[in-house]
Amino acid sequence: MTQRREKEAATMVETPSLIMIQFLQWVDERPRSREDVMEAWRSSCPRFPVWEDARAEGLVRQCGGERREHRVELTDRGRAALHGAERPPPAARQR
C-alpha cells in the first residue's frame, strides 16, 4: 500500500476490537521483528488471527530492518485506529 493510500485509508478507520487495540499498542511500544510478533501473538485458533487481521486491514506492515530482519510497524491507518481507540467516545467527553 502506498503512503498516499495509507493516509486516505487512515481517515476511514473503524473502531478496532479490544484484542486488536492491545496488539497495536504492543507493536507501537518498541521496535518489533516479525519473529517477535509470531512468538508473542501466534494462535492455533482460526478465529483469533489478530496478526493476520492487522495485516489484512492495513494496520501494520513488514519492512526490512537492520541486519535483514523483518521489522513490523504500524501504518498510518494503524496509528489512527490506535489513537481513535484511546480517545473516549464523544458522549463520554461531554460529561
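Biologist: Why does serine 33 count as buried?

Modeller: Buried means under 20% relative accessible area, exposed means over 50%, and partly exposed lies in between (1.4 Å probe, protein chains only). Serine 33 has 10% relative accessibility, so the residue counts as buried. Note that this is a predicted model: local features need pLDDT of at least 70, side-chain atom pairs count only at pLDDT 80 or more, and totals for chains, interfaces and linings use all residues. Residues are numbered from 1 along each chain as its sequence is written, and side-chain values use heavy atoms, with hydrogens and water left out.

Biologist: What makes methionine 38 partly exposed?

Modeller: Its relative accessible area is 28%, so methionine 38 is called partly exposed. The residue is found in helix H3. Between methionine 38 and tryptophan 51 there are 8.0 Å in space, C-alpha to C-alpha, and 13 residues in sequence.

Biologist: How many helices and strands does the chain have, and what is a helix or strand here?

Modeller: They are DSSP runs numbered from the N terminus: helices are H or I with at least four residues, strands are E with at least two. The chain has six helices and three strands. Along the sequence they follow the pattern α-α-β-α-α-β-β-α-α. Of its 95 residues, 29% count as buried.

Biologist: What makes E1 and E2 edge strands?

Modeller: Two strands pair if DSSP finds at least two bridges between them. The sheet is open, with three strands in the order E1-E3-E2 and antiparallel pairing. Strand E1 (32–33) and strand E2 (60–64) each pair on one side only, and they are the edge strands.

Biologist: How many bridges join E1 to E3?

Modeller: Two bridges join E1 to strand E3 (residues 70–74), and the strands run antiparallel. In E3, arginine 71 is the bridge partner of serine 33, and valine 72 is that of arginine 32. E2 and E3 pair over five bridges, also in the antiparallel sense. The partner of glutamine 62 in E3 is valine 72.

Biologist: Which residues does serine 33 touch, leaving out those up to four places away in sequence?

Modeller: Contact means heavy atoms within 4.5 Å. On that basis, serine 33, which lies in strand E1, touches His70, Arg71 and Val72.

Biologist: How do H2 and H3 cross?

Modeller: Axes are lines fitted to C-alpha atoms, for helices over the stretch in contact, and angles run from 0 to 180 degrees between N-to-C directions. The axes of H2 and helix H3 (residues 34–41) come within 12 Å and cross at roughly 145 degrees. Ile19, Gln22, Phe23 and Trp26 in H2 meet Asp36, Val37, Ala40 and Trp41 in H3. The residues of this contact divide into six nonpolar, one polar and one charged. Helix H2 (residues 18–29) also lies across E1, E2 and E3, at about 120 degrees to E3.

Biologist: Which residues of helix H5 are buried, and why are they placed on the same side?

Modeller: In helix H5 (residues 76–86) the buried residues are Arg77, Gly78, Ala81 and Leu82. The arc is that of the directions from the helix axis to the C-beta atoms. These residues cover an arc of only 135 degrees around the axis, so they lie on the same side of H5. An α-helix has 3.6 residues a turn, so residues three or four places apart point the same way.

Notes: Nonpolar A, V, L, I, M, F, W, Y, C, P; charged D, E, K, R; others polar.
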